[in-house]
Amino acid sequence: NLTNGNLGSSVDAYDAILRNGNVSNLNLAMSGGTESARYRISTSYLDQTGIIKGTGFKKLTASINSSMKLLKSKRIGFDFNLVGSQQSEKLAAISN
């Protein structure tokens, strides 16, 4: 409150804009197969809150891998990866 001569001395600027950051990282994978065919499926999720209030990052990843034996000495493989992410920034505008 500028009218009573306080000029913001009772406000902790760090507490007004900062917070504790947290990170959650979850992973799940399955694999299996036989001697002639193998597979692996995996997914992961990352949720990160930034130390500045209103900021964060989320990411989801999925992956499928497989390989098959075609001939006695040759294998063929297949890989598929999918990544999606979201970044949030709700920062105050800086002006002069």
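Predicted model: local features only at pLDDT ≥ 70, side-chain atom pairs only at ≥ 80, totals over all residues.
Q: Is Leu71 buried or exposed?
A: The cut-off for exposed is over 50% relative accessible area. Leu71 has 56% relative accessibility, so Leu71 counts as exposed.

Q: How many Å apart in space are Leu71 and Ser36, C-alpha to C-alpha?
A: In sequence, 35 residues separate Leu71 and Ser36. In space, their C-alpha to C-alpha distance is 9.6 Å.

Q: How many helices and strands does the chain have, and in what pattern?
A: The secondary structure comes to 1 helix and 4 strands. Read along the sequence, the pattern is α-β-β-β-β.

Q: How many bridges join β1 and β2?
A: Strand β1 covers residues 22–33. A hairpin links β1 to β2 through 3 residues. Within this pair, Val23 stands opposite Gln48 in β2. The two strands pair in the antiparallel sense, and the bridges number 12.

Q: Which residue in the turn between β2 and β3 has a positive phi?
A: β2 and β3 run antiparallel, joined by 13 bridges. Tyr39 stands opposite Ser66 in β3. The hairpin of β2 and β3 has 5 residues between the strands. In that turn, the residue with a positive phi, about 85°, is Gly54.

Q: Which residue is the bridge partner of Lys69 in β4?
A: β3 and β4 run antiparallel and are joined by 15 bridges. They form a hairpin with 5 residues between them. In β4, the partner of Lys69 is Arg75.

Q: Is Ser42 buried or exposed?
A: Ser42 sits in strand β2 (residues 37–49). Buried means under 20% relative accessible area. Ser42 has a relative accessible area of 16%, so Ser42 is buried.

Q: Which residues does Ser42 touch, leaving out those up to four places away in sequence?
A: Ser42 belongs to strand β2. Its side chain also makes a polar contact of 3.3 Å with the side chain of Arg40. With residues up to four places away left out, Ser42 touches Leu28, Ala29, Thr61, Ala62 and Ser63.

Q: What percentage of the residues count as buried?
A: The chain has 96 residues. It exposes about 8,100 Å², with carbon and sulfur atoms supplying 57% of that area. Of the residues, the share that count as buried is 9%.

Q: Among contacts between residues at least 6 apart in sequence, what percentage join residues at least 24 apart?
A: The count takes in contacts between residues at least 6 apart in sequence. Those that join residues at least 24 apart make up 45%.

Q: Which element gives the most to the nonpolar patch?
A: The patch on the surface is formed by Met30, Tyr39, Ile41, Ile64, Phe78, Phe80 and Leu82, with about 680 Å² of accessible area together. Elements that give two or more residues to the patch are β2 and β4. The most, 3 residues, comes from β4.

Q: How many buried residues does β4 have?
A: Phe78 is found in strand β4. At 45% relative accessibility, Phe78 counts as partly exposed. β4 is hardly covered: among its 15 residues, the count of buried residues is 0.

How values were computed:
Residues numbered from 1 in each chain as written. Heavy atoms only, no water. Buried < 20%, exposed > 50% of the residue type's maximum accessible area, 1.4 Å probe, protein only. Polar contact = N/O pair within 3.5 Å; in protein donor to acceptor, adjacent residues only side chain to side chain. Contact = heavy atoms within 4.5 Å. Areas by Shrake-Rupley, 256 points an atom, 1.4 Å probe, with all protein chains shown as cover. Patch = residues over 30% accessible without salt bridge, like charges linked within 9 Å, V, L, I, M, F, W, Y side chains within 5 Å. Salt bridge = Lys/Arg side-chain N within 4 Å of Asp/Glu carboxyl O. Pairing = 2+ DSSP bridges.
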